[in-house]
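Trainee: I would like to go through this entry and ask, for each label, what it rests on.
Mentor: Then let us set each value against its cut-off and conclude from there.
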Amino acid sequence: MKYNTSKDLFAEAGTLMPGGVSSPVRAIKPYPFYTAYASGAHLTTVDGAVLIDCCLAYGPLILGHAPQPVRRAITAQLDLGWLYGTPTPLEPAFAKLITSDHPGMDMIRFVSSGSEATMAAIRVARGYTGRKDIIKIEGGFHGAHDAVLVKAGSGATTMGVPDSAGVLADLVAHTRQVPYNDPEALETLLSSNHDVAALIIEPVLGNIGPILPEDNYLREIREITKAHDVLLIFDEVITGYRLGIGGAQKKFGVQPDLTTLGKIIGGGLPIGAFGGRREIMEWVAPQGPVYQAGTFSGNPLSLTAGIAMIQYLHDHNEIYRDLDEKTRAMEESIGNKAGGSFVRIGSMFKYFFRPLIPKNYREVKECDTAAFGRFWEKMLSSKVFLPPSQFETNFLSAAHTDDDLATIVQAYMQCR
Ligand SMILES: *Cc1c(COP(=O)(O)O)cnc(C)c1O
């Protein structure tokens, strides 16, 4: 397959947009394919290739591309207009749906992206506690704003170091980091630092994983944060409605103080949300003194798409069992091989080019990324599109058919 049209488009885009793309991960080398349309589990490129999609826009598309229930909701909303700048009945309806699914979430604020949600949740935690520092997990990703753009491997004993030009060292000095699956490191840090507002954590590391929590890890960090009176923020932008209704907090039975959501809850349109205990959320403006606002927040198109998606998942709860079984079958067929290991939770999965399953950022960095690069290219030639990085989670959707799965498994066996 030659991707000549894509190549030309990328050449032009590169003169108009930094790196030719709207978000860095899409700048696949030597050039990315350009998508013409998508439906179900398949992307069709402008060059006419039909690819099985295991990237799924990095997580939102749990029902696959353009699913009918979401499409119907969006179409119906178009007749009513798509931006008002006023409250709409969709907001309390969706707020009720999401808060009912998350017992620790008494109140919620809708925003337009996951980054915005974590940025606001951190501000609320600082406002509510009156403390300066936050702790994140090494290799955890919470979007592209200053407080969380901190180099991994820096910051627990010393201070955080910026991971991007333009981020002030003074600012990220207030972001400390601890390794995942290491409750003692957290305990040690909190015993010596009494100016910590919150720990923000992806309960399952999705952006370098999936990397799974060891037994009791999430429960232990809940106890430690509680004992030190530090807020626990679960960033469930990937895991929310991906690991099931109620996300990781339900699956692992651990209740955070604040939760951030995004991706799946927009039904494929831009969205984010943060919520938590009433006494904390009451600090958010205009009820409280922590400012947060957005022109597109709670916009009717994203909300109607999100409601349709979440309602559908409620009405077809068996989707989660089916996805789990499909991914388990993949794991059994693909399995481990000398030099590699297959990891999954629900419909999040990944083949790591490392003989043992990684447990944290340091271990995942030991993966053979050159081997992954060769594998990724062969997979694309076999018409399977995986996220173009060893460090991004792969996904299955309800739209993947048995035929798709057979193709994926066969491609893995041939390409790795
Ligand atoms: C994707 C992601 C974000 C950022 O969400 P955007 O909508 O891309 O801003 C934040 N946290 C996690 C865990 C994510 O996976």
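Trainee: Why is Phe349 called buried?
Mentor: Buried stands for under 20% relative accessible area, exposed for over 50%, and partly exposed for what lies in between, with a 1.4 Å probe and protein chains only. Phe349 has a relative accessible area of 0%, so Phe349 is buried. Please keep in mind that this is a predicted model, in which local features need pLDDT of at least 70 and side-chain atom pairs count only at pLDDT 80 or more, while totals for chains, interfaces and linings use all residues. Residues are numbered from 1 along each chain as its sequence is written, and side-chain values use heavy atoms, with hydrogens and water left out.

Trainee: How many aromatic pairs does the structure hold, and what makes two rings a pair?
Mentor: The structure holds 14 aromatic pairs. Rings of Phe, Tyr and Trp (for Trp, the six-membered ring) pair if their centres lie within 6.5 Å, and planes under 30 degrees apart count as stacked, over 60 as edge-to-face and the rest as tilted. The centres of the Tyr3 and Phe33 rings are 6.3 Å apart and their planes stand at 35 degrees, so this pair is tilted.

Trainee: Where in the chain do Tyr3 and Phe33 lie?
Mentor: Tyr3 is in the segment before helix 1 (4–16) and Phe33 in the loop between helix 1 and strand 1 (35–39), so that the pair, 30 residues apart, links distant parts of the chain. Helices (H or I, at least four residues) and strands (E, at least two) are DSSP runs, numbered from the N terminus. Both Tyr3 and Phe33 are buried.

Trainee: Why is the pair of Phe342 and Phe349 called stacked?
Mentor: Their ring centres are 5.9 Å apart and their planes meet at 15 degrees, so the pair is stacked. Phe342, with a relative accessible area of 3%, is buried. Elsewhere, ring pairs join Tyr351, Phe353, Phe372, Phe375 and Tyr412 into a cluster.

Trainee: What does Tyr412 meet through the side chain of Asn394?
Mentor: The side chains of Asn394 and Tyr412 make a polar contact at 3.2 Å. A polar contact is a pair of N or O atoms within 3.5 Å; within protein, one must be able to donate a hydrogen and the other to accept it, and residues adjacent in sequence count only if both atoms are side-chain atoms. Asn394 is in strand 14 (residues 394–395), and its relative accessible area of 3% makes Asn394 buried.

Trainee: How do you know which domains the chain has, and where are they?
Mentor: The domain assignment gives domain 1 (4–54 + 317–415) and domain 2 (69–314); such bounds come from an automatic or database domain assignment. The C-alpha centres of domain 1 and domain 2 lie 25 Å apart. With contact meaning heavy atoms within 4.5 Å, 21 residues of domain 1 are in contact with 26 residues of domain 2.

Trainee: What is the area that domain 1 and domain 2 bury between them?
Mentor: They bury about 2,000 Å², 65% of it on carbon and sulfur atoms, where buried area is the accessible area (1.4 Å probe) that two parts lose on being put together, summed over both. In domain 1, Tyr320, Ile345 and Tyr361 lose the most area to domain 2, together 33% of what that side buries. Across this interface the rule finds 9 residue pairs in polar contact, both residues at pLDDT 80 or more, whereas the count of salt bridges between the two domains is 0.

Trainee: What makes the pair of Glu366 and Arg354 a salt bridge?
Mentor: A salt bridge needs a side-chain nitrogen of Lys or Arg within 4 Å of a carboxyl oxygen of Asp or Glu. The closest N and O atoms of Glu366 and Arg354 are 2.8 Å apart, and the two residues form a salt bridge. Glu366 is partly exposed at 46% relative accessible area, whereas Arg354 is buried at 10%. By this rule the count comes to 13 salt bridges, among them the one between Lys132 and Asp195, which meet at 3.8 Å, N to O.
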